[in-house]
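Subject: Structure handover

Hello,

Here is the structure for you to look through. My notes on it follow below.

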Amino acid sequence: MIKTTTTKATYKGIEIRVVSDISGHGTTYSCTKNSGKPKMFEKWFATQGEAIANERQEIDAVLQ
């Protein structure tokens with residue numbers, strides 16, 4: 001079941017929220033942002049830090 005965590009960050013004015021998915025293999029994390037467009041949670045990571053780092057890279061790629 002996918003749930004929003006309490007972890008939030010702001011990067012270059014964009015709010016990032018971490019979501020978690022608890023399955024039989026443990027908890028994995030992904031991110032969503034306030035871009036106004038829905039995002040399919042396609043990349044999952046073992047830690048919240050990895051998920052946030054990936055989201056920052058995606059934001060940088062879009063803003064370039």
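Arg-17 forms a salt bridge with Glu-15, their closest N and O atoms being 2.7 Å apart. A salt bridge here is a side-chain nitrogen of Lys or Arg within 4 Å of a carboxyl oxygen of Asp or Glu. This is a predicted model, in which local features need pLDDT of at least 70 and side-chain atom pairs count only at pLDDT 80 or more, while totals for chains, interfaces and linings use all residues. Residues are numbered from 1 along each chain as its sequence is written, and side-chain values use heavy atoms, with hydrogens and water left out.

Arg-17 is partly exposed at 33% relative accessibility, and Glu-15 is partly exposed at 26%. The cut-offs for relative accessible area are under 20% for buried, over 50% for exposed and in between for partly exposed (1.4 Å probe, protein chains only).

The structure holds 3 salt bridges. Another one pairs Asp-60 with Lys-12, with the closest N and O atoms 2.8 Å apart. Asp-60 lies in helix α1 (residues 48-63) and Lys-12 in the loop between β1 and β2 (14-23), so this pair ties together parts 48 residues apart in sequence. Helices (H or I, at least four residues) and strands (E, at least two) are DSSP runs, numbered from the N terminus. Asp-60 is partly exposed at 21%, whereas Lys-12 is exposed at 55%.

Glu-58 forms a salt bridge with Lys-43, at 3.8 Å between the closest N and O atoms.

Thr-6 sits in strand β1 (residues 2-11) and is exposed, at 77%.

Regards
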